[in-house]
Structure formats: structure tokens, C-alpha cells
Amino acid sequence: MTENSVAELPPVNAEASQEMWAEYLASAGIAADQEPFHVAESFGDNPALADELLHEMLHGTKRATSSLASDYAFYNERVPQVGDHCIVGDGNGQP
């Protein structure tokens, strides 16, 4: 039996994400003290899946996402709220 290996999903490029976020805030006229909560992440667990899910988002096929509520407590993460923003990375970690 051979084991299939899948490439690991890299983290989203923090510098590029911050640049994108700053451009968004400027274009939307949002002051720094009024900026909404945001995260930068990729969907899926490998580069090919991240690319596929991002493609579906950009073309309107994927319109929602979900997670187990218990995972937020387990990983000590903030539960998403209305008005939050997400910068989505591709399979190479680029926003």
C-alpha cells in the first residue's frame, strides 16, 4: 500500500494581505479607527483545493462557508460576526 501525499497549504502572504486591506480601506473611505474585523486565510487543506474553492467564490458558485461552532472554542478563535471581512488566499498563499 502506498500513501498519497498532498502538498501542504502555505499561510497567506501577510505583507500582501495588509497591502490589500489598506487599499480596500482607502477605496471604501473607512478610517483606521473604524475598520471592521478581518482575517486572512485560505479555504481547504491543500493548494489545489484552495485554488478550486477560490475559483468557485470568484465565479459566484460558492457563496457561503461554515465551521463547527465547537472548533472556535477549541482553537481559541473569535466566532465570525456580521460585518467581518475575510481576505482569501489562493493555493500559493497569495490574497
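How many Å² does the accessible surface of the protein come to, and what percentage of it belongs to carbon and sulfur atoms? The accessible surface comes to about 7200 Å², and 53% of that belongs to carbon and sulfur atoms. Accessible areas are worked out by the Shrake-Rupley method with a 1.4 Å probe, and for residues only the protein chains shown count as cover.

Before we go on, a word about what you are looking at. This is a predicted model, in which local features need pLDDT of at least 70 and side-chain atom pairs count only at pLDDT 80 or more, while totals for chains, interfaces and linings use all residues. Residues are numbered from 1 along each chain as its sequence is written, and side-chain values use heavy atoms, with hydrogens and water left out. The mean pLDDT (the predictor's confidence in each residue, from 0 to 100) is 93 for the protein, and 97% of its residues reach 70 or more. Where pLDDT is low, the predicted coordinates should not be read in detail.

Now let us walk along the chain. The protein has three helices and two strands, and from the N terminus on they run α-β-α-α-β. Helices (H or I, at least four residues) and strands (E, at least two) are DSSP runs, numbered from the N terminus. The C-alpha trace spans about 55 × 30 × 25 Å along its principal axes.

Of the 95 residues of the protein, 21% count as buried. Buried means under 20% relative accessible area, exposed means over 50%, and partly exposed lies in between (1.4 Å probe, protein chains only). Contact means heavy atoms within 4.5 Å. Among contacts between residues at least 6 apart in sequence, 71% join residues at least 24 apart.

Q18 sits in helix α1 and counts as partly exposed, at 47% relative accessibility. Its C-alpha atom is 9.6 Å from that of P95, although Q18 and P95 are 77 residues apart along the chain.

A50 belongs to helix α2 (residues 47–58) and is buried, with a relative accessible area of 1%. Leaving aside neighbours within four places in sequence, A50 is in contact with L9, S42, F43, D90 and G91. From A50 to A73 is 23 residues in sequence and 24 Å in space, C-alpha to C-alpha. L53 is also found in helix α2. Not counting residues up to four places away in sequence, L53 touches F43, G44 and K62.

Next, look at the loop between α3 and β2, where N76 is found. Most residues other than glycine have a negative phi. The phi of N76, however, is near 55°, a positive value in a residue other than glycine. N76 is exposed, with a relative accessible area of 71%.

Finally, find the largest pocket, which holds about 690 Å³ of space. Of the 24 residues that line this pocket, E41, F43, T65, Y72 and P80 are the closest to its centre. On a 1 Å grid over the protein atoms alone, a cavity is a set of points where a 1.4 Å probe fits but cannot get out, whereas a pocket is an open set with protein on both sides within 12 Å along at least five of seven lines; lining residues have an atom within 4 Å of a point. Grid points are joined across faces, edges and corners, and a volume is the space filled by probe spheres set on the points. β1 (38–41), α3 (69–74) and β2 (85–88) each supply at least two lining residues, and β2 gives the largest share, three residues.
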